[in-house]
Amino acid sequence: MAAPGLVLAAPASGSGKTVTVLALLRHFSRSGVAVESRKVGPDYIDPLFHAAASGRPCLNLDPWAMRPGTLARLAEADAELLVVEGVMGLFDGAADGSGSTADLAAQAGWPVVLVVDAKSQAQSIAALVHGFGSFRRDVTVSGVILNRVGSARHEALLRTALEPLGVPVLGALPRLEALELPDRHLGLVPAGEHVGLDAFLDRAADAVARHVDTAALRRLARPAAFPAEAGGAPLAPPGQRIAVARDDAFVFAYPHLLASWTKQGAELVPFSPLADETPDAGADAVFLPGGYPELHAGHLAAAGRFLDGIRAAAERGAVVYGECGGYMVLGRVLEDGDGVRHAMAGLLPLETSFAKRRLHLGYREAVAPLATPFGPAGTVLRGHEFHYASITAEEADPPLFRVRDARGDDLGGMGARRGTVMGSFLHVVDARE
């Protein structure tokens, strides 16, 4: 269904668009509006907050990593309103210049509402909004929400400066320390670990109700109009009964992939490694997604039933696949941030360290020289890498993937495989056309 949608974007990261989106989602949900959301780009954390705010799942829309048909499918929503949160600044994208929030807005035909951090600005805000509104003819900035406004006088100065542009000012949110969210090394602290999240969301919704014309904002929304292009089939599930690790150590799994596997007839059976649960004995595949195993390494090393369970799955020939954090757990040793070495499953010839931290970040295009859970040999996948762990030891096995970055530069091999056990630091999003 083509629900009317709009994009909330910003000139830069840190402008407050995530909290503004959460506030709007909670406000509309409390008001009885069937509202859903989407998040642009490669992000696991913000969608969990979206879902907490709206009561509905949030999916990612990634114009670099996803095929047009995938974007069109995932933009469908059985809702009265679809709120799409942008990534970084409106025109920021991959290293090759593509994949920005603006690209997605142009493809879908959605209007853009710009969330602008007005702190330390007065009349200069007009130049900023004019520049963003006129930079691309295929992107329409239909409104502005002013954020971190200092006073009524400050708001009046900003509104007067913006008036000649003809871009509606939909609201002005004051500076509120109570509307700040804690973060850690991979972004915001996940929603499931946020104490008092509901109270926070209600405070944010109250602020939006007082300071934003939410009715005017909703009237801007338009149904998506993606080009009618064939997008290809979704990625096949790795098995018919898939045991999926889900807890605070394995929190990074893309909902669109899990939902797609279910739609294709696979049965997903969640289990918690931190609770020392074993993967379902009848599963023909085990999926260990990314997350924060480095923060729970001692707990995981002591989870004997869990570790024995994934070893048993590998011995009986089940596909065992680990992504990023899951890949680290399939290795022999995980060194935590304090330099303590913890024995892991030992199914792949790999040792990793969080003590020797180095940021690995960016989009990746991967070619599989042999068959993987995602397709036959030669399948080209798109996804991203985002972690601080370092590989401290690995054997020279043939890699799982050959990888290039968004510019097309060759990054060499990534990942490992031993029989039906496979993994890498790649977070898979979609296949390439």
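This is a predicted model: local features need pLDDT of at least 70, side-chain atom pairs count only at pLDDT 80 or more; totals for chains, interfaces and linings use all residues.

Trainee: OK. In E5, which residue is the bridge partner of Leu8?
Mentor: Val113 is the partner of Leu8 there. Strand E1 (residues 4–9) and strand E5 (residues 112–117) pair over three bridges, in the parallel sense.

Trainee: How many bridges between E1 and E4, and in which sense?
Mentor: Four bridges, parallel. Val7 has Val84 of E4 as its bridge partner.

Trainee: And E10, parallel or antiparallel to E1?
Mentor: Antiparallel, with two bridges joining E1 to E10 (residues 222–223). Gly5 sits opposite Arg222 of E10.

Trainee: How many residues of E1 are buried?
Mentor: Five of its six, so E1 is mostly covered, buried being under 20% relative accessible area.

Trainee: Switching to helices. At what angle do H5 and H6 pack?
Mentor: About 45°, with the axes 8 Å apart. H5 covers residues 125–134 and H6 residues 152–162. The two helices are therefore oblique to each other. Their crossing is right-handed.

Trainee: Which residues make that contact?
Mentor: Ile125, Ala126 and Val129 from H5, and Leu158, Ala161 and Leu162 from H6. The contact residues divide into six nonpolar, no polar and no charged.

Trainee: Last one: which residues of H3 are buried?
Mentor: Gly69, Thr70, Leu71, Leu74 and Ala75, in a helix spanning residues 68–75.

Trainee: What covers them?
Mentor: Several elements, including strands E2 (35–40), E3 (58–61) and E4 (81–85). Helices H4 (101–108) and H9 (255–263) are also among them, as is strand E25 (427–431).

Technical notes:
Residues are numbered from 1 along each chain as its sequence is written. Side-chain values use heavy atoms; hydrogens and water are left out. Axes are lines fitted to C-alpha atoms, for helices over the stretch in contact, and angles run from 0 to 180 degrees between N-to-C directions. Angles under 35 degrees count as roughly parallel, over 145 as roughly antiparallel, 65 to 115 as roughly perpendicular and the rest as oblique. A crossing is left-handed if the near helix is turned anticlockwise from the far one by less than a right angle, and right-handed if clockwise. Contact means heavy atoms within 4.5 Å. Ala, Val, Leu, Ile, Met, Phe, Trp, Tyr, Cys and Pro count as nonpolar, Asp, Glu, Lys and Arg as charged, and the others, Gly among them, as polar. Buried means under 20% relative accessible area, exposed over 50%, partly exposed in between (1.4 Å probe, protein chains only). Two strands pair if DSSP finds at least two bridges between them.
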